[in-house]
Amino acid sequence: MAKSFMFIKILHFFNNHKSNFINTFQLSETIPLINFSSTNIDLKIMFPYTESLRSKNMGTVLITGGAGFIGSHLSDRFLKEGWDVIVLDNLLTGSSNNISHLIGKEKFKFIKYDVTDYLFFKENIDLILHFACPASPFDYAQHPIHTMKVDSLGTLNTLGLAKNKKARYLFASTSEIYGSPEQHPQKEDYWGNVNPVGPRSVYDEAKRFSEAMCMAYFREHNIDIRIARIFNTYGTRMRLLDGRVIPTFIHQALKNQSITIFGDGSQTRSFCFVDDMVEGLYNFATKDGLNGEVVNLGNTEEHSIKFLAEEIIKLTDSSSDIINHDLPEDDPPVRQPDILKANRLLGYSPEISLSDGLKKIIPWFKERKDG
Ligand SMILES: NC(=O)c1ccc[n+]([C@@H]2O[C@H](COP(=O)([O-])OP(=O)(O)OC[C@H]3O[C@@H](n4cnc5c(N)ncnc54)[C@H](O)[C@@H]3O)[C@@H](O)[C@H]2O)c1
């Protein structure tokens, strides 16, 4: 009786402190930390166990959300530069197709796992990139609580891991933290204008909370953290129907369906090609001496949504017309990054224009338009 009471108390304590536990203690390997049940990936090639990762080339990077759109392109880049890459992803909005070309590579590991659960790694980890999070407005509307968990518990878990492993940490924040901006373009020192209870708040506020948590770990534990505020990025490996404007318009244009614009299309966005984004993120993550820095990354070329629709119709040689729907609540009227700081610290200067970027990705979407 006394024994079982004690056990319950220990269990209770562990549950209340599990994120701390996981980051400060090496948990027993018998705990089933990896769930493969819904992947179709061959386990034998997925874990070609390497000895000490730290002894090799550039070290080891853990990329949460690495099977998603940006995360998978980052995985490619870090592998190309000689890093060992561990991708942790629960495939909620990502896909094993995005990393299938990496499976079996000696320096690559994929772990299907939810970052909001406690984390355990035997390996040394030198760098953590926390990218897990539903990112399209459609996805976070579908998964509002999950979105808040991944950018609160997930951030806490990964920051704890960074503390434990003495790893550098880069957080994937967003231009959405500026909300409906009263300052244009948006500089890093602008505090934003966010509706804390609107439909987008699950994403915006979770990202703002994560930023605050990163700064708390930086100030209290001296963790080398960096916050990248990512502006609209597009490229291959976005889901065709993920609700984001570029894949949606391309899909509609390729099928000669009406292109649906929310509002009158005069709202503006600045779109960054994924290669330019990865360049900025890679340099921000790997350059020394940027502890505690917050940096906007994106392309300053700004266009109205109407222009985007017309450009896509032209480039796909489509017969689509344009129709207008009601503007969703809290849709920001303008968005453009001020990237002077990124340019000063990283020499960051995106090179690919919207038209050139669209030309690069349309064939990829064409191949998948019926899939
Ligand atoms: N793409 C953009 O334009 C953009 C703009 C600003 C910020 N960001 C940020 O960049 C990151 C990546 O965005 P993306 O566009 O590649 O989106 P994405 O949806 O393609 O990728 C997110 C990945 O996170 C994974 N994930 C979600 N919840 C998880 C969990 N609990 N545990 C483990 N994995 C989980 C998903 O399965 C997916 O693979 C996100 O944090 C997003 O907020 C993206």
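**Burial, pairing and the ligand shell in a predicted model**

Q: Why is Leu 91 called partly exposed?
A: Leu 91 has 16 other C-beta atoms within 10 Å. A residue is buried if 20 or more other C-beta atoms lie within 10 Å of its own, exposed if 12 or fewer, and partly exposed in between, with C-beta atoms placed from the backbone. The value for Leu 91 falls in between, so this residue is partly exposed. Leu 91 sits in the loop between S2 and S3.

Q: What stands behind the numbering and the values used here?
A: Residues are numbered from 1 along each chain as its sequence is written. This is a predicted model, in which local features need pLDDT of at least 70, side-chain atom pairs count only at pLDDT 80 or more, and totals for chains, interfaces and linings use all residues.

Q: How do you know whether Asn 256 is buried, exposed or in between?
A: Asn 256 has 13 C-beta neighbours inside 10 Å, and therefore counts as partly exposed.

Q: Which peptide bond is called cis, and where is its proline?
A: The bond from His 184 to Pro 185 is cis, with omega near -10 degrees. Pro 185 belongs to the loop between S5 and H8.

Q: What makes a residue part of the surroundings of the ligand, and how many are there?
A: A residue is near a molecule or strand if its C-beta atom, placed from the backbone, lies within 6 Å of it. For the ligand, 29 residues surround it, and the closest are Gly 65, Gly 68, Gly 94, Ala 132 and Ala 135. Helix H4 (69-80), strand S2 (84-89) and strand S5 (168-174) are the elements that give two or more residues to this shell. H4 gives the most, with three residues.

Q: How is the shell around the ligand divided by class?
A: The shell has 15 nonpolar, 12 polar and two charged residues. Here Ala, Val, Leu, Ile, Met, Phe, Trp, Tyr, Cys and Pro count as nonpolar, Asp, Glu, Lys and Arg as charged, and the others, Gly among them, as polar.

Q: Why is H4 called a helix, and how does its span compare with the expected one?
A: Helices (H or I, at least four residues) and strands (E, at least two) are DSSP runs, numbered from the N terminus. H4 has 12 residues, so it meets the cut-off for a helix. The expected span is 1.5 Å times one less than the number of residues.

Q: Which residues of H4 are buried, and what covers them?
A: The buried residues are Phe 69, Ile 70, Gly 71, Ser 72, His 73, Leu 74, Ser 75 and Phe 78. Their cover includes strand S1 (60-64), S2, strand S4 (127-130), strand S7 (233-234) and helix H10 (274-286). Contact here means C-beta atoms, placed from the backbone, within 7 Å.

Q: What makes S1 largely enclosed?
A: Five of the five residues of S1 are buried, so the rest of the structure largely encloses this strand. Thr 60, Leu 62 and Thr 64 are buried on one side, and Val 61 and Ile 63 on the other.

Q: How do you know that S1 and S2 pair?
A: Two strands pair if DSSP finds at least two bridges between them. S1 and S2 are joined by five bridges and run parallel, so they pair. Val 61 stands opposite Val 85 in S2.

Q: Why are S3 and S11 called edge strands?
A: The open sheet has seven strands in the order S3-S2-S1-S4-S5-S6-S11, with parallel pairing. Strand S3 (108-112) and strand S11 (293-297) each pair on one side only. The twist averages 20 degrees from one strand to the next.

Conventions: Two residues are in contact if their C-beta atoms, placed from the backbone, lie within 7 Å. Axes are lines fitted to C-alpha atoms, for helices over the stretch in contact, and angles run from 0 to 180 degrees between N-to-C directions.
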